[in-house]
Amino acid sequence: MPIDFRLTEEQKQLQALARRFAKEVILPAAAEYDEKEEVPWPIIERLHEVGLLNAIIPEAYGGMGLKMLDEVIVGEELAYACMGIYTIPMASDLGITPVLLAGTPEQKERFLRPLTEKPALAAFALSEPGNGSDAAALKTRAVRQGDYYILNGTKMWISNGGEAEWVVVFATLNPELRHRGVVALVVEKGTPGFKAVKLHGKMGQRASGTYELIFEDVKVPVANRLGEEGEGFKIAMNTLNKTRIPVAAGSVGVARRALDEAKKYAKEREAFGQPIANFQAIQFKLADMMIGLETARMYTYYAAWLADQGLPHAHASAIAKAYASEVAFEAANQAIQIHGGYGYMREFPVEKLLRDVKLNQIYEGTNEIQRLIIARHVLAE
Amino acid sequence: MKFVAVIRQVPDGESRLKVQGERVDLSGATLILDQMDEYAVEEALRLKEKHGGEAIVVGFGPERTEEAIRTALAMGMDRGVHVVFEGHADPVAVAEALAPVLREEAPTLVLTGGQQADWDSQALGGALAEALGVPVVAWTTALELEGETAKAKHDLDEGAEWVRVRLPAVFTTQQGLNEPRYPTLPGIMKAKKKEIRKVQVSLSPKVELLSEEIQEKARLGKVLDGKDPAQAAEELVRLLHEEAKVI
């Protein structure tokens with residue numbers, strides 16, 4: 001049997017756990033943390049308690065060794081309740097992934113195990129105030145001095161940056177070398193000269209903390225370098241090729257929520273003496289949302305399956321991320337349209353879906369960058 | 001010590017149920033561990049954590065019931081017994097089928113949900129006690145072991161009473177007894193390796209199911225005249241208290 005779409009018994013249990021957690025713990029708190037623009041630590045603690053935080057860490061280092069498909073199943077459920085809150089564990093996995101890909105056993109023990117023993121987060125710092133998509137143009141400098149690198153520069157839009165136990169920072173040893181000059185360094189919280197400034201005024205995903213990170217003569221031990229000098233760029237790209245799949249999963253969760261909310265409202269709201277769900281104008285919107293949801297989920301599962309099989313997945317994760325985030329944005333948009341004026345108000349949950357999922361089209365590589373990756377894959381054949 | 005929780009798998013409260021050919025069609029429904037039975041599982045776990053011994057989940061129902069047993073194992077129960085039966089059975093027949101399995105386990109006590117979400121009989125706990133020839137304490141909201149006996153709080157309509165009972169005994173559980181834990185991810189992984197023993201039973205139901213229908217709730221459509229707001233509020237409170245009995 002070459003193709004089997006069924007989930008295993010454990011995956012069904014995992015899905016049930018994540019769904020219940022989302023409904024009972026995240027959903028009731030989502031609007032409040034969105035309004036306050038505050039990181040929900042009590043929820044992060046609960047995520048840790050039930051084992052859903054940093055669960056991709058292998059069992060050898062105290063984690064659960066979740067595979068990408070498992071992560072995708074969980075991601076859809078958590079993001080259904082709040083994409084912003086889901087970004088917190090998702091961005092922690094983004095910080096963990098370079099250590100998994102390029103860390104030595106000693107580094108994995110030192111950095112990963114503590115993240116399994118208490119509610120704690122990791123972060124990933126690549127973007128800078130002056131560059132995002134052109135990642136090889138980074139300006140943060142690392143200068144080797146004996147057993148240390150001296151780090152100077154600024155990183156921007158770093159999810160969990162101020163909460164994280166440690167941040168994987170990508171810096172250049174020589175800007176002229178572009179991507180060949182990049183080094184990946186693990187910078188621990190509290191290292192002198194390392195400062196995190198929380199960014200306020202985000203449109204959506206306001207429960208996740210986004211930071212500007214400032215490094216002023218920060219001494220980072222050479223023992224904290226992942227891979228070799230010059231391998232940093234490759235580590236960053238290989239990381240993103242994986243972690244875009246959970247972004248797609250989160251988008252699927254938002255699309256499903258948009259459809260559920262739209263369906264519920266369309267059945268209740270009456271116009272011209274009948275529920276608006278009776279009108280084809282509404283039915284076609286719901287049908288289009290369903291088409292998007294189902295295809296985005298299937299493709300996300302496929303990308304996750306490729307990653308789990310150890311097969312090439314860079315193009316698939318790019319397709320999943322771009323496609324699912326666009327499907328979800330459009331679903332949120334149409335959910336608002338179906339709600340009419342009420343959809344524009346914070347009293348109803350649909351305007352938040354749109355504000356939140358806009359970011360899915362931007363972070364971990366804009367959808368334009370995803371299209372570059374996809375086009376390169378097409379042209380290389 | 002051995003603490004047994006008897007559980008069943010039922011449709012999720014939010015599932016949309018259909019009736020086809022005079023039978024409830026569960027094919028599209030999400031099926032879960034009965035929430036009343038969750039209190040039984042949680043209490044068995046707490047008793048085990050406090051007094052040591054073993055916590056065993058006994059599930060009754062068709063093959064799919066194994067999912068609910070796995071949920072209980074993921075919550076932390078040590079092992080499972082699945083009494084497999086396809087079709088409808090009334091609580092007295094279920095209790096008779098479960099009794100030999102329970103006798104074999106020789107439990108310190110047996111816990112089960114005060115009522116089941118599917119057939120809503122509220123009789124399984126009592127019938128189990130009858131079949132085992134042991135006492136029953138229904139609708140417990142507190143439970144303490146005291147050597148050969150147990151002290152339990154039993155809820156009444158407008159109060160509660162504490163009772164003492166010789167063990168083994170059956171206790172039926174409900175909201176207020178405890179706060180059931182989540183089946184954690186490590187628990188789910190560990191549950192994979194836990195034993196579920198299958199027991200095939202043949203039983204003859206004493207109550208034959210003829211047909212099923214879904215209750216249609218008609219709204220009363222009561223509208224209060226709000227010309228005198230104070231009087232309307234008073235009337236509303238009276239209706240909510242005396243008729244709807246929600247406050």
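A residue counts as buried if 20 or more other C-beta atoms lie within 10 Å of its own. By that criterion Glu364(A) is buried, because 26 C-beta neighbours lie inside 10 Å. The model is predicted.

**Helix H4 against helix H7, chain A**

- Helix H4 (residues 83-102) of chain A and helix H7 (residues 232-268) of chain A have axes that come within 9 Å and cross at roughly 155°. Angles over 145 degrees count as roughly antiparallel, so H4(A) is roughly antiparallel to H7(A).
- The crossing of H4(A) and H7(A) is right-handed.
- On the H4(A) side the contact involves Met83(A), Tyr86(A), Met90(A), Asp93(A), Leu94(A), Thr97(A), Pro98(A), Leu101(A) and Ala102(A). On the H7(A) side these meet Ile235(A), Asn238(A), Thr239(A), Lys242(A), Thr243(A), Pro246(A), Gly250(A) and Val254(A).
- The residues of the contact of H4(A) with H7(A) comprise ten nonpolar, five polar and two charged.

**Helix H9 against helix H11, chain A**

- The axes of helix H9 (residues 314-339) and helix H11 (residues 367-380) of chain A come within 9 Å, crossing at roughly 140°.
- H9(A) and H11(A) cross in the left-handed sense.
- H9(A) contributes Ala314(A), His315(A), Ala318(A), Ile319(A), Lys321(A), Ala322(A), Ser325(A) and Glu326(A) to the contact. From H11(A) come Asn367(A), Gln370(A), Arg371(A), Ile373(A), Ile374(A) and His377(A).
- The contact of H9(A) with H11(A) has six nonpolar, five polar and three charged residues.

**Positive phi in chain A**

- Glu364(A), a residue other than glycine, has a positive phi, near 55°. Its place is the loop between helix H10 (350-358) and H11 of chain A.
- Asn54(A), also a residue other than glycine, has a positive phi near 55°. Asn54(A) lies in the loop between helix H2 (41-50) and helix H3 (68-81) of chain A.
- Asn54(A) is buried, because 27 other C-beta atoms lie within 10 Å.

**Contact between chains A and B**

- Chain A places twelve residues in contact with eleven residues of chain B.
- Helix H1 (residues 9-36) of chain A supplies seven residues, the largest share of the side of chain A that touches chain B.
- That side of chain A has seven nonpolar, two polar and three charged residues.

**The sheet of chain B**

- Chain B has an open sheet of nine strands with mixed pairing, in the order E11-E10-E9-E12-E8-E1-E6-E7-E13.
- Strand E11 (159-166) and strand E13 (196-200) of chain B stand at the edges. Each has a single partner strand, so one side of each is left without a neighbour in the sheet.
- On average, neighbouring strands of this sheet are turned by 30° against each other, direction ignored.
- Strand E9 (residues 136-146) and strand E10 (residues 149-156) of chain B pair in the antiparallel sense over six bridges. Within this pair, Thr140(B) stands opposite His154(B) in E10(B).
- E8(B) is mostly covered, with five of its five residues buried.
- E8(B) pairs with E1(B) in the parallel sense over four bridges, and Phe3(B) stands opposite Leu109(B) in E8(B).
- E8(B) also pairs with E12(B), in the parallel sense and over four bridges. Thr112(B) stands opposite Thr172(B) in E12(B).

**Helices across the sheet, and a cis peptide bond**

- Helix H1 (residues 35-51) of chain B lies across strand E1 (2-7), strand E6 (54-61), strand E8 (109-113), E9 and strand E12 (170-173) of chain B. H1 of chain B runs at about 170° to E1(B).
- Helix H4 (residues 124-132) of chain B lies across E1, E8, E9 and E12 of chain B, and runs at about 65° to E9(B).
- The peptide bond from Leu167(B) to Pro168(B) is cis, with omega near 0°. Pro168(B) is in the loop between E11 and E12 of chain B.

Note on methods: Residues numbered from 1 in each chain as written. Chains lettered and ligands numbered in written order. Predicted model: local features only at pLDDT ≥ 70, side-chain atom pairs only at ≥ 80, totals over all residues. Axes fitted to C-alpha atoms, helices over the stretch in contact; angles between N-to-C directions. Helix = DSSP H or I, 4+ residues; strand = E, 2+ residues; numbered from the N terminus. Parallel < 35°, antiparallel > 145°, perpendicular 65-115°, else oblique. Left-handed = near helix turned anticlockwise from the far one by under 90°. Contact = placed C-beta atoms within 7 Å. Nonpolar A, V, L, I, M, F, W, Y, C, P; charged D, E, K, R; others polar. Pairing = 2+ DSSP bridges. Buried ≥ 20, exposed ≤ 12 C-beta atoms within 10 Å, placed from the backbone.
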